[in-house]
Amino acid sequence: MEGKIPVIDAHQIEEKSIKLREIIEKWGCFRVINHGVPLELMAEMKSVSKELLDLPIEVKRQNVDVIPGSGYMEPSEKNPLYEALGLFDVASSLSVSNFCSQLQASPHQREIIESYARGIYKAAIDIASKMSKSLGLTDYSFENWPCQFRINKYSFTPEAIGSSGVQIHTDAGFITILQDDENLGGLEVMNESGEFVAADPLPGTLVVNLGDVAVPWSNGILRNVQHRVQCKGAGIRMSIATFLSPPPDKIIEAPAEFVDAEHPRLYAPITYEELRRLRFTKKLHAGEVLELID
Ligand SMILES: O=C(O)CCC(=O)C(=O)O
Ligand SMILES: [Fe+2]
């Protein structure tokens, strides 16, 4: 097993890419270059994210939840060095505008956030479509799938080195597009053998993580990747995560192409909202929730 997460060039992915298929089956995660989000915009969004998370706490608290867990997350007892601002859904210009208003964003900040929202959503849909084509689906549409969006800040102290900034988990949705921190690193993903592999920073790239939904959606073909963030050095670590997920009321079911006599349906149909509720209420954050629907 290779020790590094695979890197793939979005421009080089063919319609039925065996390489992409192998990666999403075995790793459930990869880095993508030529994803279409301008590198300058990524850098500007990183700066704006830092400015927003540096705002006074009273302002950050105005970033209220739209769905459970979508708004401001204060540092907690479990994760005292971590906080996040967020919105649902990045595909909706109204939601993006409300987020900017809640945080009293300047016209410049608003412009960056709106451009990034459009660019990252397009990249998410493009990658999801390339994945589905690599699995042999010709016209599966992700067009109306929403995206939760979160900007994360880790205020790592010298004492925290070696500890977790975010504990081991899977993401709940279909895929997450992550602009990880290019200075401090710290993201680690679990490989097929159950070992953590450091996803070393590669500036200008995006990390794609497959979440829980990818497994029942693909009738068990795809892998949801467990990952965590380790503190490798003192300083501020920033990351920006975009979670492409089915609409809440959509029933997660494998398309007919993934089901035949040799590959019977492995999971009971369930709406995304219900899957998320199960994950949350039973505290099954590392993919175990799938055992409840198989
Ligand atoms: O900060 C990171 O690099 C990863 C964050 C993450 O895993 C998440 O937001 O789900
Ligand atoms: Fe995650």
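Predicted model: local features only at pLDDT ≥ 70, side-chain atom pairs only at ≥ 80, totals over all residues.

Trainee: How do you know that the span of helix H2 agrees with its number of residues?

Mentor: Helix H2 covers residues 39-53, which is 15 residues. The expected span is 1.5 Å times one less than that number, so H2 should span 21 Å. Its end C-alpha atoms are 21 Å apart, so the two values agree.

Trainee: Which residues of H2 are called buried?

Mentor: Leu-41, Met-42, Met-45, Lys-46, Val-48, Ser-49, Leu-52 and Leu-53. The label requires a relative accessible area under 20%.

Trainee: What makes the buried residues of H1 line one face of the helix?

Mentor: In H1, residues 18-26, the buried ones are Leu-20, Ile-23 and Ile-24. Viewed down the helix axis, these fall within an arc of 90 degrees, so they line one face. As background, an α-helix has 3.6 residues a turn, so residues three or four places apart point the same way.

Trainee: What do those buried residues pack against?

Mentor: They pack against strand E1 (7-9), strand E2 (29-33), helix H5 (107-134) and strand E9. After H1 comes Gly-28, with a positive phi near 70 degrees.

Trainee: Why is Leu-202 called partly exposed?

Mentor: Its relative accessibility is 39%. Buried would need a value under 20% and exposed one over 50%, with partly exposed in between, so Leu-202 counts as partly exposed. Leu-202 sits in the loop between strand E8 (196-198) and strand E9 (206-210). Together with Val-7 and Ile-33, Leu-202 forms a nonpolar surface patch of about 200 Å² accessible area.

Trainee: Is Asn-219 buried or exposed, and how do you know?

Mentor: Asn-219 has a relative accessible area of 7%. The cut-off for buried is under 20%, so Asn-219 is buried. This residue is in the loop between helix H6 (214-217) and strand E10 (227-230).

Trainee: Which residues does the cis peptide bond join?

Mentor: Phe-88 and Asp-89, with omega about 15 degrees. Asp-89 belongs to the loop between strand E3 (82-88) and helix H4 (93-102).

Methods: Residues numbered from 1 in each chain as written. Chains lettered and ligands numbered in written order. Heavy atoms only, no water. Helix = DSSP H or I, 4+ residues; strand = E, 2+ residues; numbered from the N terminus. Buried < 20%, exposed > 50% of the residue type's maximum accessible area, 1.4 Å probe, protein only. Patch = residues over 30% accessible without salt bridge, like charges linked within 9 Å, V, L, I, M, F, W, Y side chains within 5 Å. Areas by Shrake-Rupley, 256 points an atom, 1.4 Å probe, with all protein chains shown as cover. Salt bridge = Lys/Arg side-chain N within 4 Å of Asp/Glu carboxyl O. Arc of directions from axis to C-beta. Contact = heavy atoms within 4.5 Å.
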